[in-house]
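Let's take a walk through this structure together, one piece at a time. Keep the picture open beside the text and look up each part as we reach it.

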Amino acid sequence: MKYMFKFPDIGEGLEEGKILEWYVEKGQSISSGDSLVKMETDKVVTDIPSPKSGIISARYGSVGETVHVGNVLVEIDIEGIVGEEAQSIASETVQKTSFEQVEEKGFGVVGTMEVAGDGAFLPASGEGKMENKTVSEAAATKPTGRKVLATPVARAMAKDLGFDINIITGTGPGGRVSKKDVESFRPSKVPAQAKALSNATPEHDIEIVPMSQIRKTIAKNMSRSKHNAVHMSVMDEVEVSDLVDMRAKLKLEYHDKGISISYLPFVIKAIALSLKHHRSLNAEIDVEAGNIIYKNYYNIGVAVDTENGLVVPVVKDVDKKSILELAIELNAISEKARDRKLTLDDMKDGTFTITSYGSIGGYFAVPVINYPQVAIFGIGKLAQKPIVQNNEIVIGNVMPISMSVDHRIVDGGEVARFLNEVLSYLHDPIKMLIL
Amino acid sequence: MFNLKTLDKFKPIDDKTYQVIDNDGKVIIKDWIPDLKDEEIVQAYKDLLFERTADFMAVSYQRQGRMFTYPPNLGQEAIHIASGKVIQPEDWLVPAFRELGAWLAKGVSLWEIFLYFKGHEDGSKFLNAKRMLPISVPIASQLLHAVGIGYAMKYQGEKAVAFAYVGDGGTSEGDFHEALNFAAVWDVPVVFVVQNNRFAISVPLKMQTRSLNLAVKGVAYDVKSIAVDGNDFFAMHDVLSFAREFVLKENKPFLIEAKTYRQGAHTTSDDPTRYRTKDEEDEWALKDPLKRLQSYLISKKLWDPSEDEKLIAQYKKKIDSEFEKAEAYPEYKLDDVFDYMYENLPDELKRQKNNYQNYLNHVGGVK
C-alpha cells in the first residue's frame with residue numbers, strides 16, 4: 001500500500017516550513033526512523049524522519065519551497081498491504097497533489113480548501129461582518145450569517161482591512177482562518193487563477209523566488225500604511241552651508257576617536273526640538289476609540305538600506321541626547337544592521353521616522369509613512385547649487401527634503417509650520433545650541 | 001567510600017566539584033573503589049544506553065508527528081541512572097520533567113511516558129511505579145510537594161527519603177527557596193537534586209544567577225550541599241548513596257548540584273544553535289557520560305564496545321513496540337474533559353461541550 005506522510009506539526013501550533021534539503025530520492029528504499037528531509041520552521045531547523053519502512057514512490061516540493069502542515073511530503077510504498085485500502089489512499093493522493101499544485105502557483109486561497117465546509121461554522125454573531133459592502137461580490141460566495149472559525153488576530157486584521165472574515169477561506173485545522181489567510185486574501189470577481197497567470201507564465205523567461213521573511217514584513221507594513229494612512233507629501237529645500245562647515249570640523253575632530261559624524265544626528269536633533277512644538281506629528285490615531293494618542297517621548301526610527309532589505313532601527317529618547325551621543329548611537333546601529341544583529345527591541349516603539357535616501361541618490365521622494373506613526377521625513381541628496389543671496393547668484397549647499405504625513409491627523413498648515421522650524425535649525429544650526 | 005570527611009573537602013563555598021573519573025574514564029581519586037559490583041556497573045551502562053536510545057527514538061517520533069513536544073535527556077543520563085540505582089522502592093521520586101532513566105528504574109513503563117507526551121493524562125498513572133509523583137510542568141513547584149511528602153513520612157515514622165529534581169533555572173523560583181527553608185527548619189528527609197545543565201531554555205547560567213554555584217544556595221539554608229560532576233556516573237552514585245544514608249540517619253535534607261550539559265534542545269520546539277556555540281557543544285561532547293562510563297568499562301575489560309550496536313538494535317525493537325502500545329491506547333473521551341468537576345454540568349459548560357462535539361463531528365476527530 002501507499003502511505004502518505006504529511007508534514008507534521010513539529011512545533012506548538014506550527015503552520016508551515018521550508019524545505020532545506022532532501023535526503024531521499026524517488027525509488028529509494030528507506031527504514032523507519034531514516035531522515036527524509038531537512039525543514040526550516042519558525043522554531044527549529046530539523047530533520048524529519050520517516051515513520052514507516054518502504055520505498056519512496058513520490059516526493060513533493062523542491063528545495064526552498066514552503067510546505068504547509070498537513071501537506072504530503074512523500075508517498076511510501078509499504079510492502080504487504082494491497083487492495084481497497086491502497087486504492088482509497090491513492091485517490092486521496094491525487095486530490096492532495098492537485099491542491100498542492102494550485103498552492104505552488106500562488107493562486108488565491110479562496111475555493112481551494114474543502115475542509116472548511118459549513119459544518120465548521122458556529123452560531124451567528126455580528127462579529128467580522130463588513131460595515132460597508134465594498135467586496136459584496138465576494139460576500140455572495142458564502143453565507144455571512146454564521147461565525148467562522150478564526151484566530152483573534154485574523155479577526156482584528158480582517159476588520160482593519162474591511163474584509164468580511166466569513167468569506168475568507170481558512171487553511172488551519174477545521175478551516176480556521178489565520179493571519180496568513182487574511183494576508184493572502186484578495187477580494188475580487190476575477191478568478192484567482194486568471195489573475196496569477198496574467199503576467200507570469202512558464203512560457204516567459206522568469207525566475208520564481210520565495211519571499212524572504214524580511215521582504216514579507218516590508219510588503220505587509222507598506223500595504224498596511226497605504227491602506228490606512230491618508231498620505232500627503234510636501235517638499236522643500238534648505239541652504240545648509242553653516243551646517244556643512246560645522247559638520248566638516250566635527251567630523252575631522254572625532255575621526256581619530258573612531259566616531260563618524262554624518263548629517264543625520266543634526267537632522268534628528270532639529271526634528272526632536274520641532275516635534276515638541278508640533279505634537280500632532282508625534283502621535284497616533286486610535287480609530288476604534290476615536291482618540292488621538294499624543295506621545296511625550298521621542299523615538300526616531302532611521303531607515304537603513306541593507307542587502308537583505310530595508311530595516312528601521314529606532315533611536316530612543318532623542319530629545320534627551322546630545323548630537324554627539326546621537327552620532328555614537330547611530331554608528332552602533334548601522335554596524336548592527338550591517339551584521340544583521342538588530343533585535344526586535346532595536347526596532348520597536350518608534351514615534352517618527354527619517355529616511356535618508358539622498359545618501360544613495362535622489363533629490364525628492366514621496367516616502368511611505370511607517371504606520372501607525374503619522375509622519376516621515378526624507379533627506380535628499382545634498383548638492384551645490386546656484387542660489388540667490390542679497391540679489392546675487394552665489395553657490396549654496398542645498399539639502400532637499402521630502403515629507404509625508406497622515407492627513408487624517410496632520411493638516412497642511414501644521415506640516416508647513418513644523419518644516420519651517422526644522423529647516424531653520426538646519427540652516428542655522430547654532431540655534432539648536434541655545435534651545 | 002564517600003563519607004562526611006569527603007563531603008567536608010568539597011565545600012560549595014570553595015567552588016569544589018566532586019569527581020571520580022576523568023573524561024577518559026580514568027579514576028582520579030587515589031584508593032577509590034566502586035561500591036558497586038562489576039555486573040552492576042555493566043548493567044548501569046546498559047541502562048544508560050537504553051535511556052539514550054529511547055530518548056533518541058522519542059525525538060524521532062515527535063519529528064514524525066506522532067507525539068507532541070518532548071524534552072530530550074541527551075547528556076544528562078548519568079544523573080538519572082545513578083538515581084535509579086540509589087532510590088529504593090519505599091522512597092518517593094518527585095520528578096521535574098527530564099529524568100527519564102530514573103523514572104524507568106522506579107517502574108514507569110516507556111509506553112506510559114510516550115502516552116503522556118502524546119497528550120494523554122493516563123500516561124501519568126504509572127501503573128507499576130509506586131511512590132512517584134507525575135511530571136511537574138510548573139517549574140520548581142514539585143519541590144514543595146517533596147517537602148510535604150518528607151514531612152508526612154517523618155510524621156508517620158517511615159524510614160524513607162523523597163528525591164526531588166529541579167533544573168538550574170528552577171533555583172531562581174521562589175518555590176525552590178521556600179522548599180529549602182521548610183526542609184531545613186522541619187528537618188525532613190528530602191534529597192534535592194539540581195540538574196544544572198547550564199541553560200534554562202535559552203537563558204545561560206551566568207544570566208540566571210550571581211551565585212558562585214548552585215550548591216552554595218543550599219548552604220544559606222543550612223542544608224548540607226555539594227556540587228558533583230553530573231556526567232560522572234560514579235561520582236553521582238557515591239554522592240546519592242551517601243545523601244540517602246545521611247538523610248535517614250540525621251533526619252535532615254541534602255542538596256546535590258549535578259553539573260551537566262543539555263546536549264540536546266530544551267524541548268523539540270527549541271533550537272539551541274540560536275543561543276550557544278558549536279565550540280561549547282564540542283567541549284561538552286568530550287565529557288559525555290556514556291562515553292566516560294564506557295571508557296572505564298573498556299579499561300577494566302568489562303565491556304566490548306562492538307556489543308553496543310547489537311544492544312541498540314534490540315532496544316529499538318522494544319522501544320518501537322512500547323510506542324505502538326501507546327498509539328493503540330484508547331483515545332480520550334470528550335466526556336472526560338467535562339464530567340469530573342461538577343455533579344451536574346452547568347449550562348455554560350453544557351453549551352461548550354455541545355459546541356465542541358459539533359466541531360469534532362465535523363473534523364472527524366475523537367468522539
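Strand S2 (residues 16-22) of chain A pairs with S7(A) in the antiparallel sense, over 3 bridges. Strands and helices here are DSSP runs numbered from the N terminus, a strand (E) having at least two residues and a helix (H or I) at least four. Two strands count as paired if DSSP finds at least two bridges between them. One of the partners to look for is A:Glu16, whose bridge partner in S7(A) is A:His68.

Before going on, a word on what you are looking at. This is a predicted model, in which local features need pLDDT of at least 70 and side-chain atom pairs count only at pLDDT 80 or more, while totals for chains, interfaces and linings use all residues. Residues are numbered from 1 along each chain as its sequence is written, and chains are lettered from A and ligands numbered from 1 in the order in which they are written.

Now look at the whole of chain A. Its secondary structure comes to 12 helices and 18 strands. Of its 435 residues, 29% are buried. A residue is called buried if 20 or more other C-beta atoms, placed from the backbone, lie within 10 Å of its own, exposed if 12 or fewer do, and partly exposed in between. For an example, find A:Ile167 in the loop between helix H3 (152-161) and helix H4 (179-184) of chain A. Is A:Ile167 buried or exposed? A:Ile167 counts as buried because it has 24 C-beta neighbours inside 10 Å.

Chain B comes next, with 15 helices and 8 strands. Here 44% of the 367 residues count as buried. Chain B holds an open sheet of 6 strands in the order S1-S7-S8-S4-S3-S2, with parallel pairing. At the edges of this sheet stand strand S1 (17-18) and strand S2 (92-94) of chain B, each with a single partner strand, so one side of each is left without a neighbour in the sheet. Helix H6 (residues 141-155) of chain B packs on the sheet, where it touches S2, S3 and strand S4 (190-196) of chain B, and its direction makes about 170° with that of S3(B).

Let's stay with strand S3 (residues 162-167) of chain B, which runs parallel to S2(B) and is joined to it by 3 bridges. B:Trp92 stands opposite B:Ala162, and B:Val94 has B:Ala164 as its bridge partner. Towards S4(B), S3(B) has 6 bridges, again parallel, and there B:Val166 stands opposite B:Val194. From S3(B) the chain crosses through helix H7 (residues 174-186) of chain B to S4(B), in a right-handed β-α-β crossover. Right-handed means that, with the strands pointing away from the viewer, the path from the first strand over the helix to the second runs clockwise.

How many residues of S3(B) are buried? The count is 6 of its 6 residues. On one side these are B:Ala162, B:Ala164 and B:Val166, and on the other B:Phe163, B:Tyr165 and B:Gly167.

Finally, see where the chains touch: the contact takes 19 residues from chain A and 15 residues from chain B. Residues are in contact if their C-beta atoms, placed from the backbone, lie within 7 Å.

Key. Two residues are in contact if their C-beta atoms, placed from the backbone, lie within 7 Å. Axes are lines fitted to C-alpha atoms, for helices over the stretch in contact, and angles run from 0 to 180 degrees between N-to-C directions.
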